[in-house]
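Colleague: Before we rely on any labels, could you take me through the terms and the values behind them?

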Amino acid sequence: MTFALRPMRLQDIPAVGTLEQALFPIDAWPLELFFDEFAQTETRQYLVAQVDGELVGYCGVMVVGTTADIQTIGVLPDYEGRGIGTAMLTSMLEEARRRGAAETLLEVREDNPRARRLYELFGFEHIHTRRGYYRDGVGAHVMRLIFNSSGAAKGDHEPV
């Protein structure tokens with residue numbers, strides 16, 4: 001199986017919204033939010049992952065000043081463990097560095113150990129817990145990755 005990453009296009013948003021509902025049914029972003037995010041190109045970049053022309057994942061990063069925030073990242077369960085999430089996160093971190101970020105933040109569900117492990121592999125550190133952050137009462141781990149002065153991340157490595 002091979003996959004491709006490419007910039008999200010306006011016509012992708014309805015399909016991304018469908019993926020969002022499937023992946024995050026309790027906390028899914030409304031479709032309008034994807035349209036709003038997509039329009040803010042000066043501070044955001046969104047990508048989609050495709051396998052055989054089918055959208056199987058998406059991600060987005062926001063960079064304001066020297067701080068980046070991974071806005072969202074998701075891969076359909078049938079495609080997890082194939083390097084898609086790693087490739088998307090790598091692309092988002094490269095974009096954050098390109099736009100001048102000194103650090104990148106994200107929130108991840110406390111009950112999502114697979115995602116937390118991926119972020120830790122990249123050098124993200126748990127800096128805070130937001131209790132009851134998600135609608136179902138699950139807390140969020142706030143994680144941060146600080147880039148060094150050369151732009152490299154603490155945990156730069158080959159994608160897994």
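Modeller: The largest pocket is lined by 41 residues, of which F24, I73, G74, N112 and Y119 lie nearest its centre, and about 1,200 Å³ of space lies in this pocket. This is a predicted model, in which local features need pLDDT of at least 70 and side-chain atom pairs count only at pLDDT 80 or more, while totals for chains, interfaces and linings use all residues. Residues are numbered from 1 along each chain as its sequence is written, and side-chain values use heavy atoms, with hydrogens and water left out.

Colleague: What makes a residue part of the lining of a pocket?

Modeller: On a 1 Å grid over the protein atoms alone, a pocket is an open set of points where a 1.4 Å probe fits, with protein on both sides within 12 Å along at least five of seven lines, and lining residues have an atom within 4 Å of a point.

Colleague: Why is the pair of F34 and Y58 called edge-to-face?

Modeller: Rings of Phe, Tyr and Trp (its six-membered ring) pair if their centres lie within 6.5 Å, and planes under 30 degrees apart count as stacked, over 60 as edge-to-face and the rest as tilted; F34 and Y58 lie 5.9 Å centre to centre with 80° between the planes, so the pair is edge-to-face.

Colleague: How do you know whether F34 and Y58 are buried or exposed?

Modeller: Buried means under 20% relative accessible area, exposed over 50% and partly exposed in between (1.4 Å probe, protein chains only); F34 has 1% and Y58 has 0%, so both are buried.

Note on methods
Grid points are joined across faces, edges and corners, and a volume is the space filled by probe spheres set on the points.
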